[in-house]
Every structure is written in structure tokens, then in C-alpha cells.
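Subject: Structure handover

Hello,

Here is the structure I said I would pass on. My notes on it follow below.

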Amino acid sequence: MSINEKYELEKALEQITAIAKGYNLDFYDMYFEICPADILYTFGAYGMPTRFSHWSFGKAYHKMKTQYDYNLSRIYEMVINSDPCYAFLLEGNSLIQNKMVMAHVLAHCDFFKNNYYFQRTSRQMVESMSVAAQRIRQYEFAHGREKVESFLDSVISIQEHIDPYRDIGKNEPAIEKSESGGCCGGEGCGKGCGKDSCKDKGCEGGNCGHTHSEQESPYDDLWKLDHLGEGQESKDDTQKAKKFPKKPEKDLLLFIMEYGRDLEDWQRDIISIIREEMFYFWPQMQTKIMNEGWATYWHLRIMRDMDLTEEESLEFAKLHSGVIQSSKVRLNPYFLGLKLFEYIEKRWDEPGEEDRIKYGRPGGEGREKIFEIRELDNDISFLRNCLTEEFVEQEDIYLYKKVGYEWKIVEKDWQKVRDSLVASMVNSGFPYIVVQDGDYGKRGELYLHHAYEGAELDVYYLERTLPHVYKLWGRPVYLETVLDSKKVLFSYSGEKVSKKFV
Ligand SMILES: [Zn+2]
């Protein structure tokens, strides 16, 4: 990029920022960097410039970079939810492409800063990930690269199984170590969570028969039970009958981190790192349609307000139509989000008779309404509340599936389309699996339960994931689910995955 171009880009950024502020967009300080394609694609594959290394990121890089090299697709934007906010521009982009990206990412930053679901994310994740990556490198040095990588493979295979709502209503952040409660079990107690706070409270010697009242977890009773066989007497024999966990536990990573008996400290730390990263990425998965729709809505308006030459206007129009191009076979989040925000704005600006009389909407409140939605909603509530019959028909949204050798439209009824879309987004699209029993058969085995709501698990994937869970837990693992309307129990105890109907 020539010096002149950089200068022009800087001037454009000032203008774009002023226009965005004029529209009441509210973002952190922004830092832009211009990167060559291989750097930008590395960041894209890693999800963050400072993250630890893993072979799967290399795989993602090669896929994306090959598509770029063959001109099949390209990343235009890369923006990080942090304060200050970092955004990366592709060196090979034209000036107008980079102007559009700048306008687009300002709106993303406004969304990160103001949307409710991002309020609990760490804004210093660039630094945290860098520190975590250093720790993982040290573990590789100490325990061998293969061992660490193989452990990472297992943790990453179940990384989405956290509970993002676990601490809602509590003051501490979701990933605060204090949430684990109970006893640290320093080195002598075999639990090894490595909590410094615990050492301060005198359980350094591994005497874990007591619990810290201010840090009690739902599992403390079980922890006591766990030690009965070591010569301690139970004060209350009925405790033996207590369930472990008391309530089904959705946070599989946390459960294994806390109660996996054979894990070493470095392994618990790796689980904690991956879990913390997932908390950071989760709101982005929950708001993909809204966030892209919001950024597209604003880049369109900001670019319209810029002093563009005729040639630039034409180039921008082509670019923008490429971004929102709808597809017959997949939902484009840029398109759907943009159209829905525009539809809502219009409905609140010019309410129909029913909206005026029944809901008392005076009109002219469109902009206010979409700002309210960007603050309070996620994709599920956005679609469930705002997708109407009129909108589904207008945008021609339908469900399709493969029938024989052909793809066919199978549903156009707007409520079914809406409900199916919403259902596919529950738990960010991942199966809802809980720990039902952490001491199954009184043998310390792990019994997982899939909350089946119509979508079957991918058995191929399941059979490859269960051995990873076994590796983390260190004892046989079970997973109950439903296939062909029948309850099925999959299990793995070190040799091969078996299945039986229950
Ligand atoms: Zn975007």
C-alpha cells in the first residue's frame, strides 16, 4: 500500500468515525492494522493473534488461505472484542474495500460494547490468551509436545460444553476460579486444582475433610463421601445416597476439571484455559446474525454519507451486494440480519393500524427500537420476536432437505420456518449434554445425558468424541441419547464404543 493510499485511508477513517458517532454508535478506541494475507488468515484461523498453537488452526488456515488464493472467498474483516478494539485490514484490499471494512467494524465494536451478552466477556483477552499460550508452551517443554497436544485434542473435542449462564445473577465473572468452591486439595489430596486461596486457608497438607463455608459448591458433600473409604467416618449415612452432582451439570469442562481424579495440575490448567476462551467466544456464536446484520446496516449508511466519487460508489455497490448475496442453500447472516433490522425499523417508523391501536405505537421510533434490540437481544430472541409471516414471505425463507438424490423445499409455513431456525440456535447449535452421574455404578464412572429435542446426535462424531471424554475422566464413560425414537446408551471403557438400547 502506497503512502498516499495510507494517507487517504487515515483521512477516511476520521470521516467514518465522525459519521458513526453522529449516528450515536458507541465504540471503544479503535486501532487498525494493515496486514498481508498470510498474517490476516493466520489470525482468522487462530481466532486471535495471540492464541496458543494447535494443529487444527493450521488446518483451518490452509483451507481459508487456499480459498483466498483461488479467489473463491476472502476474509475482508477481522475485529477483536477488546478495549481498545483491534481491527485488521487486508493489504490487498482496494481503498474502497478497506473504507467499507472500517465502517463495518466500528459497528461491530459498538455491538461488542453495548450488547448484553458481551457484558461478561473479558476485554483483555488478547493479553490473557498470550499469557495462556506461554503457559502451554512451558507445559510442552516440561511434559513433551505430543502429550500436551494429545491432551488439547481431547479438551477441544468437548470445548463447547460449558454453561454460559452458570453465574448469571452472581457478581463474580463466570470463569472466576472461586466458583469451583470446595477444597483445593493441594498436592497431597489428589484433586490438585492449585488454588492459592485454598492454601491460605490451611488445607495445604492435603487434609480435605473440611470445606470452606464461603466457597461451598454443590458437590462438597460428595467430596466428603469420596474420602469415606480412607478411614473417615460419615456423620450422616444418608449422604451416601446423595446424587453426584446434585443437579445435572451442563458445564462438562468444569466438572471434569474439578473432579477428574487422575488429572495433573497442568492438565486442569489447560481445561481452564480452553473453558475461559469458550466463554469469550460464546456471545459471538449467540449473536452472529444480529452482529453481522448490525455492522452491515451501519456500513451501508456510513458509506452513503461519505463523499465518494461515482466510480467509488459503483465499486461499493458491487461490494455490498456481494456481502449480502443470499444463497439458496444457506442463510447469509449479513443478509438476514440487515433485512430484519431494516424491517423492524420500518415497522416502528410507520406502524400499521394494528400496531398503532393494539400496541399504541405512534410511529417514528424505528431507530430507537433497533438500538434497543442491539442492546438486549441475541439471535434466538431476535428471530423469535421479530420474524413475522410478512417478513418470511417477503424474503422467501424456507426449509429444505435432501429427498432421494435431490434437495427439495420441504416447508414454507412461516411459524415452522421460524421455530426451526430458532431451534437450530439453541445452545449455539451444539447438543445439550449434561453430567447426570459422576459416580455411576458407584465406580466413579461418568454418565452423560443428551437432552434430546428432536435432533439426533451425529453418531460418527459421537463415537470419536467419547474416547476423548474417557481420556479426560480416566474411567468408563456413558452417553444416553435417542436414536430412531429409542433410548440408546453409548459407552466406552478403553477399547471400543459400544451401544445398547435401554
Ligand atoms: Zn462483520
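A word on angles before the notes: axes are lines fitted to C-alpha atoms, for helices over the stretch in contact, and angles run from 0 to 180 degrees between N-to-C directions. Please also keep in mind that this is a predicted model.

Helix pair

With that definition, helix H6 (residues 145–157) packs against helix H10 (residues 265–286) at an angle of about 40°, and their axes are 10 Å apart. Angles under 35 degrees count as roughly parallel and 65 to 115 as roughly perpendicular; H6 and H10 are therefore oblique to each other. Their crossing is right-handed. On the H6 side the contact is made by Phe151, Leu152, Val155 and Ile156, and on the H10 side by Gln267, Ile270, Ile271 and Ile274. Of these residues, seven are nonpolar, one is polar and none is charged.

The chain overall

There are 19 helices and ten strands in the chain. Of its 502 residues, 33% are buried. If contacts between residues at least 6 apart in sequence are taken, 66% of them join residues at least 24 apart.

Three-stranded sheet

Three strands make an open sheet with mixed pairing, in the order E1-E3-E2. Strand E1 (30–35) and strand E2 (77–80) are at the edges with a single partner strand each, so one side of each has no neighbour in the sheet. From one strand to the next the twist averages 20°. E1 and strand E3 (residues 85–90) run parallel and are joined by six bridges. Glu33 stands opposite Phe88 in E3. Helix H4 (residues 95–114) packs on this sheet and touches E1, E2 and E3, with its direction at about 30° to that of E2.

Five-stranded sheet

A further open sheet has five strands in the order E6-E7-E8-E9-E10, and its pairing is mixed. Its edges are strand E6 (433–440) and strand E10 (498–501); each has a single partner strand, so one side of each is left without a neighbour in the sheet. Ignoring direction, neighbouring strands here are turned by 25° against each other on average. Strand E9 (residues 486–492) and E10 run antiparallel, joined by four bridges. Ser491 stands opposite Ser498 in E10. Helix H19 (residues 459–473) lies across strand E7 (445–450), strand E8 (477–483) and E9, and runs at about 155° to E8.

Regards

Note on methods:
Residues are numbered from 1 along each chain as its sequence is written. This is a predicted model: local features need pLDDT of at least 70, side-chain atom pairs count only at pLDDT 80 or more; totals for chains, interfaces and linings use all residues. Helices (H or I, at least four residues) and strands (E, at least two) are DSSP runs, numbered from the N terminus. A residue is buried if 20 or more other C-beta atoms lie within 10 Å of its own, exposed if 12 or fewer, and partly exposed in between; C-beta atoms are placed from the backbone. Two residues are in contact if their C-beta atoms, placed from the backbone, lie within 7 Å. Two strands pair if DSSP finds at least two bridges between them. Angles under 35 degrees count as roughly parallel, over 145 as roughly antiparallel, 65 to 115 as roughly perpendicular and the rest as oblique. A crossing is left-handed if the near helix is turned anticlockwise from the far one by less than a right angle, and right-handed if clockwise. Ala, Val, Leu, Ile, Met, Phe, Trp, Tyr, Cys and Pro count as nonpolar, Asp, Glu, Lys and Arg as charged, and the others, Gly among them, as polar.
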